[in-house]
Amino acid sequence: MHVGCSIVYAISMKNIFTLIICLLVSFNLFAQEDEAVNATALTVKERFLLMKSKSQSYKDYKVIKESVLDGVWKITQDSIRAKQASINHGKDSLKKVNRSLQQANATIKEKDDSLAEVVYDGTHVTVLGISFLKSVFITIAFSIIGALILFAVVLIGRLKMMAFNLKQKIDVLDSTQLEYQEYKHKAMDKQTKLSRELQDERNKLQGQRSS
């Protein structure tokens, strides 16, 4: 009788001990769920490490409550979705920045083209449909003007020389004409004198014949 009571007592104590162990495991699992799932300041890696450290070990295995696994998995998915949403938002922001950058580049290019056109107009001059640098055009213009001035000086010099030679020839011609007029006048005087002398001689001869 005493032995039977001892066996019943032993079985009862074993059941109580098993119940206590189950309660501790359940409490620990609830603690896992409270810490690994409900803690909002933890990262996914920290949740995993906390869940791993707080879980019960059985040989090479870990005893983890299914709700805790589901909760951590949901949080992980939410974290992945949040990161993907953040990445997508970043991509959208990057696209907006790229569009703004392209617009800014287009505006800068337009301003550069306008500035280049203004600079080109300020440094070039178009003559007869041909564009020249102003410095080159000024050099060419002054060269042409200088050449024209030199040509005018040479032409004026030649004209003066021709006028001088013509004056000399006119003077020579006038002198020759004067000499010719003097010679002609002298010749006429001489001819008149000779005619008179000849007439005198004729008169003398006629007088001698008459006498």
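A salt bridge here is a side-chain nitrogen of Lys or Arg within 4 Å of a carboxyl oxygen of Asp or Glu. K167 forms one with D171, with the closest N and O atoms 3.3 Å apart. The model is predicted: local features need pLDDT of at least 70, side-chain atom pairs count only at pLDDT 80 or more, and totals for chains, interfaces and linings use all residues. Residues are numbered from 1 along each chain as its sequence is written, and side-chain values use heavy atoms, leaving out hydrogens and water.

**Fold**
- The protein has four helices and four strands, from DSSP runs (helices H or I, at least four residues; strands E, at least two) numbered from the N terminus.
- Along the sequence the pattern is α-α-β-β-α-β-β-α.
- Of the 211 residues, 7% are buried (under 20% relative accessible area; exposed is over 50%, partly exposed in between; 1.4 Å probe, protein chains only).

**Salt bridges**
- The whole structure holds four salt bridges.
- K167 and D171 are separated by about one helical turn, because they lie four residues apart in helix α4 (residues 134-210).
- K167 is exposed at 51% relative accessible area, whereas D171 is partly exposed at 39%.
- In helix α3, D78 and K74 are four residues apart, and their side chains meet at 3.1 Å, N to O.
- K74, D78 and R81 are linked in a salt-bridge network.
- D113 and K109 also lie in helix α3; their salt bridge spans 3.2 Å, N to O.
- D113 is partly exposed at 41%, while K109 is exposed at 53%.
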